[in-house]
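Take a moment with the model below.

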Amino acid sequence: MPRVTFAGQDKEAEVAVGASIRQAAKAAGVCLYSGVFKLDNCHGLGLCGECRVRVIEGEEHLTEPGLRERHAGRPRGRRSVVKRGNEEGERLGCQALVLGDVVVQPRLRDEG
Ligand code: FES
């Protein structure tokens, strides 16, 4: 089973092939959300961008980003409350599925 390691938190989980990073985070006891977004997120629908993680190792062991993931978290005009764009090396924890061992680091909003 693939191992997902959460850098900087000394936590990891073994998950079935095809599990999401979000599911691995739950199994490891890692919260991918910060502040009010612990409650106010899309709960894995790939819409809010709050579960974003930086991939440290094993990007090739994740599924390719889908249409929803490529567009989540992008500014949607002046009314957007989303501050973070799609940065290189980052994935949505709820959309990236694990195919092999990976090391990721949660990108909490209050960390910038
Ligand atoms: S939980 Fe909202 S995009 Fe992943």
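Start at arginine 54, which stands opposite glutamate 90 in β4. This is a predicted model. Strand β3 spans residues 52-57. Strands β3 and β4 pair in the antiparallel sense, over 3 bridges.

Now widen the view to the sheet. The sheet is open and has 5 strands, in the order β2-β1-β5-β3-β4. Its pairing is mixed. Strands β2 (11-14) and β4 (90-92) form the edges, and each pairs on one side only. On average, neighbouring strands of this sheet are turned by 35° against each other, direction ignored.

How many helices and strands does the protein have in total? There are 2 helices and 5 strands. Read from the N terminus, the elements run β-β-α-β-α-β-β. Compare that with the order across the sheet, β2-β1-β5-β3-β4. Take the contacts between residues at least 6 apart in sequence: 65% of them join residues at least 24 apart.

Next, look at helix α1, residues 21-28. Which of its residues are buried? They are Ile21, Arg22, Ala24, Ala25 and Ala28. Seen down the axis of α1, these residues fall within an arc of 160°, so they line one face of the helix. Lys26 and Ala27, on the other side of α1, are exposed. Just after the helix comes glycine 29, with a positive phi of about 80°.

The largest nonpolar core has 23 residues. Val4, Phe6, Val15, Ile21, Leu32, Leu62 and Val104 have the most contacts inside this core. Elements β1, α1, β3 and β5 each give two or more residues to the core. Helix α1 gives the most, with 4 residues.

Valine 15 is worth a stop. What does valine 15 touch, leaving out residues up to four places away in sequence? Its partners are Met1, Pro2, Val4, Ala24 and Val98. Of these, Val4 is also listed among the core residues with the most contacts, and Ala24 is one of the buried residues of α1.

Finally, step back to the whole protein. Buried residues make up 43% of its 112 residues. The protein exposes about 6,500 Å².

How values were computed:
Residues numbered from 1 in each chain as written. Predicted model: local features only at pLDDT ≥ 70, side-chain atom pairs only at ≥ 80, totals over all residues. Heavy atoms only, no water. Buried < 20%, exposed > 50% of the residue type's maximum accessible area, 1.4 Å probe, protein only. Contact = heavy atoms within 4.5 Å. Areas by Shrake-Rupley, 256 points an atom, 1.4 Å probe, with all protein chains shown as cover. Pairing = 2+ DSSP bridges. Axes fitted to C-alpha atoms, helices over the stretch in contact; angles between N-to-C directions. Arc of directions from axis to C-beta. Core = buried A, V, L, I, M, F, W, Y, C linked by side-chain atoms within 4.5 Å.
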